Amino acid sequence: MEFNEIRLQTNFNDNFQFIYTDSNTYQYKFANLRWQPIRTILSFPLINPPTFSLPITVPNALGRETEYQAYLAQVQNLPNNIHIQDHYWDSVDSTPANTLGPTRVNTLSTGSDTDYWTPTNFQFTSPTPESGSTNSAHPCACGTDICYCDT
Amino acid sequence: MAQTICEEFIRELALNLVNLRNQIQLTYWSEQHFITQELLDLIPFGEILSDIRFYSYVDYSLDELVSKANSTLLYWRLSGVTQYDGTSVDQLSLFHNETFLWHYSAPSYWEEIRSQLQSGHRVRFLS
């Protein structure tokens, strides 16, 4: 699975335009008689990245505009959490690991309320020095650029 | 007996198939255009993914995605789906639909996306 990231680029009027860059890639490779996850991360500045692609400027809906609008309505009905980034993890309870699946591999903390489940060990690749510690007063499971903390 | 179980399995999966030709949020280049609904439901093409949504997805959905992809592959094999050259289908590459993403989905969140980027948050999409 390949993900791209939306970025901003300043133009000559000092306005912003949207561009996009490469981002994370996730693959499963069958090796040593098991499926092994492989993650690739490409990171660029959020504003004015040196390498980027431009979105298409002319839509090509092939006469299916009604279907596009219908699917857009579906997408817009999904929970929109784009605007609730800051302090989000302060405002919700973490999900106990034992409710999420049988293959929990991460046990950063000992209490059931502060365990996190993931199919891979990704969170160990970028722990923050303090919040990633199991001895921390507020244990966190850290991803690439955010940490899920139990506060 | 094994034949009956196999036929029953194919019948059951066939009831749960979706035709990718009707899915405007994605594109593909293949004559084979059926996957299971459960697999399609796990592929967020056309969605704008905040950090929270993105990490929820990669932390909790990838194993299930592999499982559902295996079910689709099993259906292709058991039902004898073949490619143009007569060989069995064993993979299908899906891509986001640029028209839907850039002219329908993303524009409805432009202000939020801009605000999030200027606040240092990442905004992703499945490509």
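Student: What should I know before I start?
Tutor: This is a predicted model: local features need pLDDT of at least 70, side-chain atom pairs count only at pLDDT 80 or more, and totals for chains, interfaces and linings use all residues. Residues are numbered from 1 along each chain as its sequence is written, while chains are lettered from A and ligands numbered from 1 in the order in which they are written.

Student: How many helices and strands has chain A?
Tutor: Chain A has 2 helices and 5 strands. Both kinds are DSSP runs, numbered from the N terminus: helices are H or I with at least four residues, strands are E with at least two.

Student: In which pattern along the sequence?
Tutor: Chain A reads β-β-β-α-α-β-β.

Student: How do β1(A) and β2(A) pair?
Tutor: In the antiparallel sense, over 8 bridges. Two strands pair if DSSP finds at least two bridges between them. Gln9(A) stands opposite Gln17(A) in β2(A).

Student: And what about the hairpin of those two?
Tutor: The hairpin of β1(A) and β2(A) has 5 residues between the strands. There, Asp14(A) takes a positive phi near 65 degrees.

Student: Which strand of chain B pairs with β1(A)?
Tutor: Strand β5 of chain B, residues 123-126. The pairing is antiparallel over 4 bridges. Phe3(A) stands opposite Leu126(B), and Asn4(A) has Phe125(B) as its bridge partner.

Student: How many residues of chain A are in contact with chain B?
Tutor: 42 residues of chain A are in contact with 38 residues of chain B. Contact means that the C-beta atoms, placed from the backbone, lie within 7 Å.

Student: Which element of chain A gives the most to that side?
Tutor: β1(A), with 7 residues. The side of chain A that touches chain B divides into 25 nonpolar, 11 polar and 6 charged residues. Ala, Val, Leu, Ile, Met, Phe, Trp, Tyr, Cys and Pro count as nonpolar, Asp, Glu, Lys and Arg as charged, and the others, Gly among them, as polar.

Student: New topic. How do the axes of α1(B) and α4(B) cross?
Tutor: They come within 10 Å and cross at roughly 125 degrees. Axes are lines fitted to C-alpha atoms, for helices over the stretch in contact, and angles run from 0 to 180 degrees between N-to-C directions.

Student: What do we call that angle?
Tutor: α1(B) and α4(B) are therefore oblique to each other. Under 35 degrees is roughly parallel, over 145 roughly antiparallel, 65 to 115 roughly perpendicular, and the rest oblique.

Key. Two residues are in contact if their C-beta atoms, placed from the backbone, lie within 7 Å.
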